[in-house]
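Dear colleague,

I am handing over the structure below, together with a description of what was found in it. Please read the two side by side.

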Amino acid sequence: DKSWDEATEAFDAALELNAESYVPQYYLGLIAYAQNEFSAAEYRYKAALELGCDPGITNYALGVNAYAENRLDDAKNYLAAAKEAAPDRYSDKVDELVAKFPPN
(Lines give C-alpha, C1' and ligand atoms only; values in the text may rest on other atoms or scores of the structure.)
Protein backbone atom coordinates (compact mmCIF):
# COMPACT_ATOMS: atom_id res chain seq x y z
CA ASP A 1 0.00 0.00 0.00
CA LYS A 2 3.04 2.24 -0.47
CA SER A 3 3.65 2.87 3.21
CA TRP A 4 7.27 3.66 2.40
CA ASP A 5 8.17 5.14 5.79
CA GLU A 6 6.79 2.15 7.68
CA ALA A 7 8.47 -0.29 5.33
CA THR A 8 11.78 1.55 5.63
CA GLU A 9 11.56 1.44 9.42
CA ALA A 10 10.83 -2.28 9.34
CA PHE A 11 13.75 -3.08 7.03
CA ASP A 12 16.08 -0.78 8.97
CA ALA A 13 15.13 -2.73 12.11
CA ALA A 14 15.78 -6.00 10.28
CA LEU A 15 19.16 -4.70 9.18
CA GLU A 16 20.03 -3.87 12.80
CA LEU A 17 19.11 -7.42 13.81
CA ASN A 18 21.21 -9.01 11.08
CA ALA A 19 23.61 -6.74 9.22
CA GLU A 20 24.92 -9.74 7.25
CA SER A 21 21.58 -10.45 5.55
CA TYR A 22 21.13 -9.13 2.03
CA VAL A 23 17.35 -9.11 2.33
CA PRO A 24 16.89 -5.74 4.10
CA GLN A 25 19.40 -4.06 1.80
CA TYR A 26 17.65 -5.34 -1.32
CA TYR A 27 14.20 -4.27 -0.15
CA LEU A 28 15.50 -0.89 1.00
CA GLY A 29 16.79 -0.54 -2.56
CA LEU A 30 13.35 -1.31 -3.95
CA ILE A 31 11.81 1.27 -1.64
CA ALA A 32 14.36 3.90 -2.65
CA TYR A 33 13.75 3.13 -6.34
CA ALA A 34 10.00 3.45 -5.88
CA GLN A 35 10.60 6.91 -4.43
CA ASN A 36 12.90 7.93 -7.31
CA GLU A 37 15.90 7.98 -4.98
CA PHE A 38 18.14 6.30 -7.52
CA SER A 39 21.50 6.89 -5.82
CA ALA A 40 20.20 5.39 -2.59
CA ALA A 41 18.70 2.47 -4.49
CA GLU A 42 22.01 1.76 -6.22
CA TYR A 43 23.85 1.88 -2.90
CA ARG A 44 21.41 -0.60 -1.34
CA TYR A 45 21.43 -2.96 -4.33
CA LYS A 46 25.23 -3.02 -4.37
CA ALA A 47 25.29 -3.70 -0.64
CA ALA A 48 22.83 -6.56 -1.14
CA LEU A 49 24.98 -7.99 -3.93
CA GLU A 50 28.08 -7.86 -1.73
CA LEU A 51 26.17 -9.72 1.00
CA GLY A 52 25.25 -12.55 -1.36
CA CYS A 53 22.00 -11.53 -3.02
CA ASP A 54 21.21 -13.38 -6.23
CA PRO A 55 23.31 -11.72 -8.96
CA GLY A 56 20.60 -12.11 -11.59
CA ILE A 57 17.88 -10.22 -9.77
CA THR A 58 20.25 -7.69 -8.20
CA ASN A 59 21.98 -6.78 -11.45
CA TYR A 60 18.60 -6.53 -13.13
CA ALA A 61 17.47 -4.12 -10.41
CA LEU A 62 20.69 -2.13 -10.83
CA GLY A 63 20.11 -2.03 -14.59
CA VAL A 64 16.53 -0.84 -14.29
CA ASN A 65 17.65 1.75 -11.75
CA ALA A 66 20.42 3.04 -14.05
CA TYR A 67 17.96 3.12 -16.96
CA ALA A 68 15.57 5.23 -14.89
CA GLU A 69 18.42 7.69 -14.34
CA ASN A 70 19.26 7.65 -18.06
CA ARG A 71 22.69 6.15 -17.38
CA LEU A 72 22.38 3.87 -20.37
CA ASP A 73 25.94 2.53 -20.47
CA ASP A 74 25.72 1.49 -16.82
CA ALA A 75 22.26 0.05 -17.46
CA LYS A 76 23.57 -2.06 -20.35
CA ASN A 77 26.41 -3.42 -18.21
CA TYR A 78 24.16 -4.35 -15.29
CA LEU A 79 21.54 -5.86 -17.56
CA ALA A 80 24.17 -7.92 -19.39
CA ALA A 81 25.37 -9.21 -16.01
CA ALA A 82 21.79 -10.14 -15.06
CA LYS A 83 21.30 -11.96 -18.34
CA GLU A 84 24.59 -13.82 -17.92
CA ALA A 85 23.85 -14.77 -14.30
CA ALA A 86 20.34 -16.07 -14.99
CA PRO A 87 19.59 -16.34 -18.71
CA ASP A 88 16.48 -18.41 -18.10
CA ARG A 89 14.95 -15.65 -15.96
CA TYR A 90 16.34 -12.47 -17.51
CA SER A 91 17.16 -12.92 -21.21
CA ASP A 92 13.73 -11.89 -22.44
CA LYS A 93 13.30 -9.11 -19.87
CA VAL A 94 16.73 -7.67 -20.64
CA ASP A 95 16.18 -7.85 -24.39
CA GLU A 96 12.82 -6.07 -24.06
CA LEU A 97 14.29 -3.26 -21.97
CA VAL A 98 17.41 -2.81 -24.09
CA ALA A 99 15.20 -2.58 -27.19
CA LYS A 100 13.71 0.59 -25.64
CA PHE A 101 17.11 2.29 -25.45
CA PRO A 102 17.63 5.09 -27.95
CA PRO A 103 20.05 4.29 -30.76
CA ASN A 104 23.65 5.39 -30.19
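Is Lys46 buried, partly exposed or exposed? Lys46 is partly exposed, with a relative accessible area of 36%, where buried means under 20% relative accessible area, exposed over 50%, and partly exposed in between (1.4 Å probe, protein chains only). Please keep in mind that this is a predicted model, in which local features need pLDDT of at least 70 and side-chain atom pairs count only at pLDDT 80 or more, while totals for chains, interfaces and linings use all residues. Residues are numbered from 1 along each chain as its sequence is written, and side-chain values use heavy atoms, with hydrogens and water left out.

Salt bridges

The structure holds six salt bridges, a salt bridge being a side-chain nitrogen of Lys or Arg within 4 Å of a carboxyl oxygen of Asp or Glu. One of them joins Glu42 to Lys46, with the closest N and O atoms 3.2 Å apart. Glu42 belongs to helix α3, which covers residues 38-50; helices here are DSSP runs (H or I, at least four residues), as strands are (E, at least two), and they are numbered from the N terminus. Because Glu42 and Lys46 are four residues apart in helix α3, about one helical turn separates them.

Glu42 itself is buried, at a relative accessible area of 14%. When its neighbours within four places in sequence are left aside, Glu42 is in contact (heavy atoms within 4.5 Å) with Leu62, Asn65, Arg71 and Tyr78. Of these residues, Arg71 also forms a salt bridge with Glu42, and there the closest N and O atoms are 3.0 Å apart. Arg71 lies in the loop between α4 (55-68) and α5 (72-85), whereas Glu42 lies in helix α3, so this pair ties together parts that are 29 residues apart in sequence.

Arg71, which counts as partly exposed at 23% relative accessibility, has a further salt bridge with Asp74, where the N to O distance is 2.5 Å. Asp74 counts as partly exposed too, at 32% relative accessibility. Taken as a group, Glu42, Lys46, Glu69, Arg71 and Asp74 are linked in a network of salt bridges.

Surface patches

Patches are made of residues with over 30% relative accessible area and no salt bridge, like charges being joined within 9 Å and nonpolar side chains (Val, Leu, Ile, Met, Phe, Trp, Tyr) within 5 Å. The accessible areas come from the Shrake-Rupley method with a 1.4 Å probe, and for residues only the protein chains shown count as cover.

Asp1, Asp5, Glu6 and Glu9 gather in a surface patch of negative charge. Glu6 sits in helix α1, residues 4-17, and counts as exposed at 58% relative accessibility.

A nonpolar surface patch, of about 310 Å², is made by Tyr22, Val23, Tyr27 and Leu30. Val23 is placed in helix α2, residues 22-34, and is partly exposed, with a relative accessible area of 34%.

Loops and positions apart in sequence

Two asparagines may deserve a look for their backbone angles. Asn36, in the loop between α2 and α3, has a phi near 60°, a positive value in a residue other than glycine, and this residue counts as exposed at 55% relative accessibility. Asn70, in the loop between α4 and α5, has a positive phi of about 65° although it is not a glycine; Asn70 is exposed, with a relative accessible area of 57%.

Two C-alpha separations complete the description. Lys2, in the segment before α1, is exposed at a relative accessible area of 66%, and its C-alpha atom is separated by 9.7 Å from that of Gln35, 33 residues apart along the chain.

With kind regards

Technical notes:
Lys and Arg count as positive and Asp and Glu as negative; His and the chain ends are not counted. The place of a charge is taken as NZ of Lys, CZ of Arg, CG of Asp or CD of Glu.
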